[in-house]
Amino acid sequence: MKAVLFDLFGTLVDNPTTIQVLQLHSEVATVLGVPAEAYASGWKATFHERVRGDHGSIAQSIAAAARHSGHSFEAEALHSAVEVRFKHTRNWLIPRSDAYSTILQSKERGLKIGLLSNCTDEVPLIWPELSFAPLFDEPLFSSQERVRKPDQEFYHRALSRLNVSAQDCLYVADGDNGELAAAKKIGMKVVMIRPSDLLNDYRQDPEEDWDGPRIERLSELLTF
């Protein structure tokens, strides 16, 4: 093993809960002056293009979701909506208690550390603020790379930058958007992390049928 490639949400940080996501949508919708349910529907409908970075900025991603809802809004309100989005995302990007120590010990064992995240444009902007960010050799964000999991190009790009083969890399993730199956298909070693006490978090197409290795805590990787 020469490298570990981590997912972000649901792996290094907890996923937000469904209630937290709905609260975010409600606050953004209020700022824009559009119905919350319609905005939430628009945000979900534009997920794939948003995480590929098709809109170019988080402001334009919010605007696309609002337009999809079929309601008009004042352009000046976008600035406030972006601030709301950043506030919530910062609150969600809290490293799990054993994240830093697990990554640090992995690096001390000579492993390269990478990140592969399906995310919107505010995440890579907030990323440098996180305590474990300096420990990563190659963080890749879908909105910047213009490709998303489970597209195999995303994985191959990470492997190339880490300069390791798929067979020498472990992929660790909670299993959304077919990410585990995709990593396994290209020859990576794969482990799902899924704490049993997380029952109400917000997820995107979870791989409930995953029958491979599982852990509940990041620190378990050190003896995996």
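Biologist: At what angle do H4 and H5 pack?
Modeller: At about 105 degrees, with the axes of H4 and H5 9 Å apart. H4 and H5 are therefore roughly perpendicular to each other. That label covers 65 to 115 degrees, while under 35 counts as roughly parallel, over 145 as roughly antiparallel and the rest as oblique. Angles run from 0 to 180 degrees between N-to-C directions, and axes are lines fitted to C-alpha atoms, for helices over the stretch in contact.

Biologist: What sort of model is this?
Modeller: It is a predicted model: local features need pLDDT of at least 70, side-chain atom pairs count only at pLDDT 80 or more, and totals for chains, interfaces and linings use all residues. Residues are numbered from 1 along each chain as its sequence is written, and side-chain values use heavy atoms, with hydrogens and water left out.

Biologist: Back to the helices. Which residues in H4 and H5 meet?
Modeller: Ile 58, Ala 59, Ile 62 and Ala 63 of H4 meet Leu 78, Ala 81, Val 82, Arg 85 and Phe 86 of H5. By class, this contact of H4 with H5 has eight nonpolar, no polar and one charged residues. Contact means heavy atoms within 4.5 Å. Nonpolar means Ala, Val, Leu, Ile, Met, Phe, Trp, Tyr, Cys and Pro; charged means Asp, Glu, Lys and Arg; the others, Gly among them, are polar. Helices (H or I, at least four residues) and strands (E, at least two) are DSSP runs, numbered from the N terminus.

Biologist: And how do H1 and H5 pack?
Modeller: At about 165 degrees, with their axes 8 Å apart. That makes H1 roughly antiparallel to H5. The crossing of H1 and H5 is right-handed. A crossing is right-handed if the near helix is turned clockwise from the far one by less than a right angle, and left-handed if anticlockwise.

Biologist: What about H2 and H4, what angle there?
Modeller: About 120 degrees, with the axes of H2 (residues 36-45) and H4 (residues 58-68) 7 Å apart. The crossing of H2 and H4 is right-handed. Tyr 39, Gly 42, Trp 43 and Ala 45 of H2 meet residues of H4, including Ile 58, Ser 61 and Ile 62. This contact of H2 with H4 has seven nonpolar, three polar and no charged residues.

Biologist: New topic. How much space lies in the largest cavity?
Modeller: About 460 Å³. Of the 27 residues lining it, the closest to its centre are Phe 9, Phe 47, Asn 118, Tyr 202 and Gln 204. H1, H3, H5 and H7 each give two or more residues to the lining of the largest cavity. On a 1 Å grid over the protein atoms alone, a cavity is a set of points where a 1.4 Å probe fits but cannot get out; a pocket is an open set with protein on both sides within 12 Å along at least five of seven lines; lining residues have an atom within 4 Å of a point. Points are joined across faces, edges and corners, and a volume is the space filled by probe spheres set on them.

Biologist: Which classes line that largest cavity?
Modeller: Eleven nonpolar, seven polar and nine charged residues.

Biologist: And the largest pocket, how much space?
Modeller: About 170 Å³. Among its lining residues are Met 1, Arg 109 and Phe 224. The lining of the largest pocket has seven nonpolar, one polar and one charged residues.

Biologist: Is the peptide bond from Lys 149 to Pro 150 cis or trans?
Modeller: Cis, with omega near 15 degrees. Pro 150 sits in the loop between H8 and H9. Arg 146 is also placed in the loop between H8 and H9. Arg 146 has a positive phi of about 65 degrees, although it is not a glycine.
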